[in-house]
Each structure stands twice: as structure tokens, then as C-alpha cells.
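I write down each term with its cut-offs when I first need it.

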Amino acid sequence: MSAFTQQDCEHMARALRLAERGRYTAHPNPVVGCVLVRDGRVVGEGFHVKTGEGHAEVNALRAAGAEARGSTAYVTLEPCAHHGRTPPCAEALIGAGVAKVVAAMQDPGKDVSGRGFGMLTDAGIEVQTGLMASVAASLNPGFLKRVTEQRPLVRLKIASSIDGAIAMASGESQWITGRESRRDVQRLRARSGAVMTGIGTVLSDDPSLNVRAADIDTGGLQPIRVVIDSRLRMPSTARMLSLSGTTLVCCSGDRDTSPPQELNAEVMIFADAEGRVDADSVLLELGRRDVNEVLVEAGPELAGHLLERDLIDELVIYQAPHMMGSQTMGLVNTPSWKALSDRQALDITDVRRIGRDTRITATPLKSGQAKDT
């Protein structure tokens, strides 16, 4: 493979920025951007806006018109080669007479995975891959996890004081963090296919778990609301049940368990050997529903359970600049962690100010990775 030029890097960087524009509207499809360049001049740009509508390549080809012939397409993900809700993008590029395709990365999905590149090369189109691949992958972590592992990426959101409290011992918790942090959480919800909580949070806080920030355009998309509720205590008066969209209540028990008829929710049974809700099975079900990312907004019981089972892929902790003292509830409840060696090591990937609060983004290190720092 020949070396990429500075111009190649500039055009791919533009395609990556375009891809980000579909962050809140494209899922369950990946976010993808495309730039068409002919004789050193950009002749068309596009990004994937919404499932069922044109993909990034098609939108860029439409913008370019006849000038697409002989151009180089810079695209952030391998062009699709299968007939889904729309025709294959690889065919569209071939039909438009594109001379070369520079792709950031291969699509690992079984319906694509090299087939798009194969169609292009068979048609005589030069293909280069690997330019800014890590950046392209970081745009679609949930999609890549789902198509390779059949389950979504799980992101745990926690709001705490600087001394690690999420509520007073009485349960009082509104509001620990500031308005800016709460608005930032709306963006996390908007990029998620599902928001998960526990029945304890439903009973104490009656949350909506929807995207309601006026400045975030989701194209009408709302995440699935998932409630982990072992004994099916979900009240029919819960606020989220009056909202549009899907509420999935996950309980345990035998197959004869039936919800109250007035419960406006979908109820499914996922029982593990201990009589609890089998979180692994819940995630596999969400993967079957094409959910790429799950945002967990829950109390210490569910948060701790998911951590103990190594089901959290990322933590986002909003830390407020105050101390709440000793009569409080901690971040997570993890009864199996009894020795220092049980602690969960984290790789902190980002720290930034959100209003007066600090947002810490971290990835749990898996077993076998170094725990000492």
C-alpha cells in the first residue's frame, strides 16, 4: 500500500467530521461520512442521516452529480455490499464512475466484511484502507461491538459528590450535579439505543429516561427504556409508561409470570440460576433489537451487579465539587469485592469540566491487565 498524502489526511478528516453529524439520528446504523474529490477539488459531501435513507456515499454522489466520475471517494467505513433498506453503496460508487476509494476501516459485519471492497476492486476501482482507522472505529464503538459480539456497548453513568456519594442515606439525590451535567446526560441518552435502570430507581425517582433537550435533534428517535425488575413490581402509574416509545420490563421467574393487564410495557423473563434477572441475556436481546449502545442510569445495586459481571464497557462519572459526608450511599454495591485485589482498575480516557462539575470517562480494565498504578 502506498503512503497516504497530506491531502488524503485532510479529506478523511473532513469525512470523519461529517460522520459525527449523524450521531443522534443514524442508529442503529453506524455513523459514516464521505467526501468526493476530483482534480484536487471537493465535488460532493455526505453523511448518513437516518436509517432507511441514503447512506453517506449516496448522499455525496447526489451532491456531486456528473462530477463524481473519475473522483476519489474518502469514506469512513467500508461501503456496504448487501441489499438492506437501501441498495448497496459499492454498486452506487461503481455506477457513478468513481475511480478510487480510500476507506478508513473495513466493516466487520458479516453482511459486508470485505465484500464491499471486493466489489469495488472487481470493477477496476483502486481501494486503499487504514487511513485514520482508529479514529473511525472510535465513532462507532457500539455498532462494532454489536456486529462482532451480538451485544451492545454498555455505558454506566454516575453522578456523585467529590467524596463518592450518589445520594444521602435517606435516598435524597436531586440534584447532586449541575444543570450543565444534566444537559450533557441528555446527549448520552440521545446517542443510545436503550437506557437501562433498576426498579428501585423507578419506585424512588419515577424517571422518564427519554431525550427531552430542545437543542438535540434525534430525528424522532427515542431510546428503548429498559427496567430490571426481578419481582415485577413495575407500577402502572410510572411516568415512563405514559410516554411514546418502547418500555421493556425484564423480570425473573417461571414462564407463567404475567404482567398486570394495565401495564403499558413489554414484559420479558430473563432468569439466571440465582433467581435474578440474567443481565447477559438482556443484553443479547437488545443486540437482537439492533441496539448499539446502552446507557445505564441506575442505583448502586444494579450498577454494582453489572460491574461484578464485567458487563460495563465504559463509565462516565460526573463529579460535583462538594462533599456529602458519611450519611450517604456509595457509587456501587459490590459484595463480591472483599479484598484489595478485587478492585476494578480503570483506564481514564478523558477528563473535562462540565460547568462546575468534572466529567471523568473511563474504561474498565479486564482481568489480566495491570491493576497497580
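The entries below follow the order in which I looked things up.

**Entry 1: what I am looking at.** I note that this is a predicted model, in which local features need pLDDT of at least 70 and side-chain atom pairs count only at pLDDT 80 or more, while totals for chains, interfaces and linings use all residues. Residues are numbered from 1 along each chain as its sequence is written, and side-chain values use heavy atoms, with hydrogens and water left out.

**Entry 2: helices H2 and H3.** I looked up helix H2 (56–64) and helix H3 (residues 89–96), where helices (H or I, at least four residues) and strands (E, at least two) are DSSP runs numbered from the N terminus. Two packed helices are described by the angle between their axes and the distance between the axes. The axes of H2 and H3 come within 9 Å and cross at roughly 25°; axes are lines fitted to C-alpha atoms, for helices over the stretch in contact, and angles run from 0 to 180 degrees between N-to-C directions. H2 and H3 are therefore roughly parallel to each other (angles under 35 degrees count as roughly parallel, over 145 as roughly antiparallel, 65 to 115 as roughly perpendicular and the rest as oblique). I recorded the crossing of H2 and H3 as left-handed (the near helix is turned anticlockwise from the far one by less than a right angle; clockwise is right-handed). Glu57, Val58 and Leu61 of H2 make the contact with Cys89, Ala92, Leu93 and Ala96 of H3, contact meaning heavy atoms within 4.5 Å. By class, these residues are 6 nonpolar, no polar and 1 charged (Ala, Val, Leu, Ile, Met, Phe, Trp, Tyr, Cys and Pro count as nonpolar, Asp, Glu, Lys and Arg as charged, and the others, Gly among them, as polar).

**Entry 3: helices H3 and H4.** At what angle do the axes of H3 and H4 cross? I found roughly 20° for H3 and helix H4 (residues 115–122), with the axes coming within 9 Å. H3 and H4 are therefore roughly parallel to each other, and their crossing is right-handed. On the H3 side the contact is made by Ala90, Glu91, Leu93 and Ile94, and on the H4 side by Gly116, Met119 and Leu120. These residues divide into 5 nonpolar, 1 polar and 1 charged.

Entry 4: I looked up the largest pocket and found about 1,400 Å³ of space in it. A pocket is, on a 1 Å grid over the protein atoms alone, an open set of points with protein on both sides within 12 Å along at least five of seven lines, whereas a cavity is a set of points where a 1.4 Å probe fits but cannot get out; lining residues have an atom within 4 Å of a point. Grid points are joined across faces, edges and corners, and a volume is the space filled by probe spheres set on the points. Of the 50 lining residues of the largest pocket, Thr201, Asp205, Glu297, Ala298 and Gly299 are the closest to its centre. Helix H7 gives the most to this lining, with 6 residues. The second largest pocket has a volume of about 760 Å³, and its 31 lining residues include Asn29, His82, Phe143, Arg146 and Val147, which lie nearest its centre.

**Entry 5: cavities.** How many cavities of 30 Å³ or more does the structure hold? I counted 3 of them. The largest cavity has a volume of about 100 Å³, and among its 14 lining residues Arg23, His27, Asn140, Asn292 and Glu293 lie nearest its centre. Helix H6 (residues 141–149) gives the most to this lining, with 3 residues.

The second largest cavity has a volume of about 30 Å³, and Gln344 and Pro364 are among the residues that line it. Gln344 and Pro364 are 20 residues apart in sequence and 6.8 Å apart in space, C-alpha to C-alpha.

**Entry 6: backbone angles.** Most residues other than glycine have a negative phi, and most peptide bonds are trans. I found that a cis peptide bond joins His27 and Pro28, with omega about 15°. Gln150, in the loop between H6 and S6, has a positive phi, near 65°.
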